[in-house]
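Dear colleague,

I am passing on to you the structure that I have been looking through, and below it I have set out what I found. Please have the model open beside this message as you read.

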Amino acid sequence: MRVLVTGAGGMVGREVVEAFAGHEVVALDRAGLDVGDRATVLDVVGATAPDAIVHCAAMTAVDACETERDRAFLVNALGVRFVTEAARRTGAYLVTLSTDYVFDGTQTEPYHEWDTPNPTSVYGQSKLAGEFEVDLDCCVVRTSWVVGRFGANMVKTVLRLAAGDGALRFVDDQRGCPTVAADLAGMLRTFVDDRLTGTWHVTNQGAVSWFEFAGEVLRAAGADPARVEPISTAELDPPRPAPRPANSVLDNRALRLSGRPLLPDFRESLPALVRAVQ
Ligand SMILES: NC(=O)c1ccc[n+]([C@@H]2O[C@H](COP(=O)([O-])OP(=O)(O)OC[C@H]3O[C@@H](n4cnc5c(N)ncnc54)[C@H](OP(=O)(O)O)[C@@H]3O)[C@@H](O)[C@H]2O)c1
């Protein structure tokens, strides 16, 4: 099988490339394939003739999306349209990634795949627009709070701050499911193998606030979780430009109902990740 990975220089993309070891992988970072350029997407995908595409490229800078609205929609919405068109032309199976930020976070229960999205940030709006672009025989995987070996993420931030003397303050009024990129990538491989279609929530199990997650990172690193102090989103200084959902816990309902294995609790995967980035 030949698998084309877009956004292969990113946190998830790099893990996806590794997860498909044993297959022929065409790993394209932004320099190799700008997904906002239709002609290039059709050319490159056409020339590669992949059996499957794992679309990881996205504009993920949530706050920057607020001010760079056009770029967010170009990459996150039109980009999916172009990759979908290329997949259709080549007959490739496509799985694309989306986000918990398609939900507004006002619901008290975890969000399942059939709950109604209502994104409050430009990032979430552009990602939801991208979801509307895929064909029925493609797959949308919504994930959340991704951490991993590559790129900037919460685990690295906590460890960096913990190495200094400063206070560790994290918000206690936003809840979600941290997801380890390597776990997600392994799941994406099974989706490609089985050619799953439709929308699926894929996260590690275990819902926490960012404050609680920071404590878990310290615990996994053998440090004292009591160093972390809870604050509210309103106390963030400076405030973040993009609103975040207070509750973006994703119920992996489609996985559960179809009897497919869930990803483990994030606490099981965290120690290995902490060791890898320390
Ligand atoms: N990280 C999370 O917490 C999270 C949560 C939910 C869903 N997701 C979704 O998961 C997917 C992977 O995200 P990630 O965490 O791996 O983010 P990431 O590390 O930012 O990776 C995204 C990659 O896409 C690249 N990219 C940006 N614009 C592009 C363009 N026009 N053409 C081609 N590539 C472009 C970026 O390159 P540059 O670095 O050069 O810009 C980056 O390498 C995305 O769809 C994201 O929305 C992520």
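In which loop does Trp-145 lie? Trp-145 belongs to the loop between β5 and β6 (146-147), and in this model, which is a predicted one, the residue has a positive phi of about 45° although it is not a glycine. Most residues other than glycine have a negative phi, and most peptide bonds are trans. Trp-145 is buried, with a relative accessible area of 7%.

Arg-195 is partly exposed, its relative accessible area being 36%.

As for the peptide bonds, the one that runs from Asp-237 to Pro-238 is cis, with omega near 0°, and Pro-238 has its place in the loop between β12 (228-231) and α9 (253-257).

Turning to the ligand, you will find that 23 residues surround it, and that the closest are Val-12, Arg-30, Thr-60, Tyr-123 and Lys-127. The residues of this shell divide into twelve nonpolar, eight polar and three charged. At least two residues of the shell come from each of α1 (11-19), β4 (93-99) and α5, and β4 gives the most, with three residues.

An N or O atom in the side chain of Arg-30 is 2.6 Å from an oxygen atom of the ligand, while a polar backbone atom of Val-146 is 2.9 Å from an oxygen atom of the ligand, and a backbone N or O atom of Val-35 lies 3.0 Å from a ligand nitrogen atom. Taken alone, the ligand exposes 890 Å², of which the protein buries 81%.

Finally, there is the second largest pocket, in which about 180 Å³ of space lies. Its lining includes Pro-117, Leu-128, Phe-132, Cys-138, Arg-142 and Thr-199, and α5 (122-131), β5 (139-143) and β10 (198-201) each supply at least two of the lining residues.

With kind regards

Terms used:
Residues are numbered from 1 along each chain as its sequence is written. This is a predicted model: local features need pLDDT of at least 70, side-chain atom pairs count only at pLDDT 80 or more; totals for chains, interfaces and linings use all residues. Side-chain values use heavy atoms; hydrogens and water are left out. On a 1 Å grid over the protein atoms alone, a cavity is a set of points where a 1.4 Å probe fits but cannot get out, and a pocket is an open set with protein on both sides within 12 Å along at least five of seven lines; lining residues have an atom within 4 Å of a point. Grid points are joined across faces, edges and corners, and a volume is the space filled by probe spheres set on the points. Helices (H or I, at least four residues) and strands (E, at least two) are DSSP runs, numbered from the N terminus. Buried means under 20% relative accessible area, exposed over 50%, partly exposed in between (1.4 Å probe, protein chains only). A residue is near a molecule or strand if one of its heavy atoms lies within 4 Å of it. A polar contact is a pair of N or O atoms within 3.5 Å; within protein, one must be able to donate a hydrogen and the other to accept it, and residues adjacent in sequence count only if both atoms are side-chain atoms. Accessible areas come from the Shrake-Rupley method with a 1.4 Å probe; for residues, only the protein chains shown count as cover. Ala, Val, Leu, Ile, Met, Phe, Trp, Tyr, Cys and Pro count as nonpolar, Asp, Glu, Lys and Arg as charged, and the others, Gly among them, as polar.
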